[in-house]
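User: Hi! I have a structure open and I'm new to this. Could you walk me through it?

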Amino acid sequence: MAKYIIKRIIMAIITIFLVCFITFFAMNAVPGGPFNSEKAKSQAVMDVLNKRYGLDQPVGVQFINYMKNIMHGDFGVSLTTGRDISDTISTRFAVSAKIGLMAVVVALILGIVLGAIAALNRNKWPDHVIIFFVTLFTAMPSFVAGSFLLLVFCIQLGWVPVWSTSSPNYVLPVIALSLSPMAYITRLTKTSMLDVLGQDYIRTAKAKGVHRAKIIFVHALRNALIPVITYVGPLTAQILTGSLVVENIFTIGGLGSAFVDSITKRDYTLIMGVTIFLAVIMVIANLISDLLYKVVDPRIRLD
């Protein structure tokens, strides 16, 4: 186990370095810059700004200097606001993470429960009803779901107040974020449960007179969760960083909104800081997902 974790950490470091390398050079290859605006600045002003932030140096030198600063935990400051990147990420991510964690929990609980119900009632009316809504939610983009929820429950019915930083209401954003992954987890759980229920050890347990609830929850569902765990790792990283569309629809000042603004304004340091942060989360989530295999099924060996 320790050897496997060390190997994965080394691979993670290489992955994050490649992400930094590709993002940095691709970002600088796009025409324009962070100080370009509708009101043109004089060349003298542009030269002073570029020299102040080290943008007057060759791209390779800029990358080396940036990586040196990263090694010391310095992500720099925003080129447009002058605010420290670490403070921006921590503040914005707190909002995205709170909504994201709730969406992951909702998607997991409902997806596993509905998938198990559909598998245990195969070709019966509960299965047909669940599959209908699952197909609907899978085909519905998040911006459509978010706009529909906002229009119906917030504007028309007035059941849920509009998002506000002073009194935030997480119901609609969480529902909008969790619908699509919940639908996928439901289908994944159902397929895996049907496969497990057809295994020999399930038939043996039934022949021995093991209680139905124990067969479902101890033997069948536990082994059926392995494919779900595979999906939950990247899903958690994706949702934790916030949905760009959902955050814009509900005007949530999360990390996703900050990332979109940084791309629009060509804020190089903020783009790099958020990209590295998201890459680290993705790597950690995948590592935890792999380690959970061992917890769910002790027969799995991590080499």
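**A buried aspartate and its surroundings**

Analyst: Happy to! Let's start with aspartate 127, which counts as buried because its relative accessibility is 3%. Keep in mind that this is a predicted model.

User: Where does aspartate 127 lie?

Analyst: Aspartate 127 lies in helix H5.

User: And which residues does aspartate 127 touch, not counting residues up to four places away in sequence?

Analyst: Leaving out residues up to four places away in sequence, aspartate 127 touches Ala118, Asn121, Arg122 and Lys190.

User: Let's zoom out. How many helices and strands does the protein chain have?

Analyst: The protein chain has twelve helices and zero strands.

User: What percentage of the residues is buried?

Analyst: Of the 303 residues in the protein chain, 41% are buried.

User: What about contacts between residues at least 6 apart in sequence: what share joins residues at least 24 apart?

Analyst: That share is 75% in the protein chain.

User: Okay, on to the inside. How many residues are in the largest nonpolar core?

Analyst: The largest nonpolar core has 42 residues, and Met193 and Phe250 have the most contacts inside it. Helices H4, H5, H6, H7, H8 and H9 each supply at least two residues of this core.

User: Which helix gives the most to this core?

Analyst: H7 does, with twelve residues. There is also another core lying apart from this one, with 27 residues, including Ile89, Phe259, Tyr268 and Met272.

User: New topic: rings! How many aromatic pairs are there?

Analyst: The structure holds ten aromatic pairs. One of them joins phenylalanine 133 and phenylalanine 137, which form a tilted pair, 6.3 Å centre to centre with 35 degrees between the planes.

User: Where do phenylalanine 133 and phenylalanine 137 lie?

Analyst: Both are in helix H5, four residues apart, which is about one turn of the helix. An α-helix has 3.6 residues a turn, so residues three or four places apart point the same way.

User: Which residues form an aromatic cluster?

Analyst: One aromatic cluster is formed by Phe17, Phe21, Phe24, Phe25, Phe63 and Tyr66.

User: And the loops? What's the phi of asparagine 123?

Analyst: Phi of asparagine 123 is near 65 degrees, a positive value in a residue other than glycine. In general, most residues other than glycine have a negative phi. Asparagine 123 lies in the loop between H4 and H5, and it counts as exposed because its relative accessibility is 57%.

User: Which residue after H11 has a positive phi?

Analyst: That's arginine 266, which follows H11 and has a phi near 55 degrees. In H11 itself, the buried residues are Leu255, Gly256, Ser257, Ala258, Phe259 and Ser262.

User: One more loop: where does asparagine 169 lie?

Analyst: Asparagine 169 lies in the loop between H6 and H7. With a relative accessibility of 21%, asparagine 169 counts as partly exposed. The C-alpha atoms of asparagine 169 and isoleucine 99 are separated by 9.9 Å, while the two residues are 70 residues apart along the chain.

Conventions:
Residues numbered from 1 in each chain as written. Predicted model: local features only at pLDDT ≥ 70, side-chain atom pairs only at ≥ 80, totals over all residues. Heavy atoms only, no water. Core = buried A, V, L, I, M, F, W, Y, C linked by side-chain atoms within 4.5 Å. Buried < 20%, exposed > 50% of the residue type's maximum accessible area, 1.4 Å probe, protein only. Phe/Tyr/Trp six-rings, centres within 6.5 Å; stacked < 30°, edge-to-face > 60°. Contact = heavy atoms within 4.5 Å.
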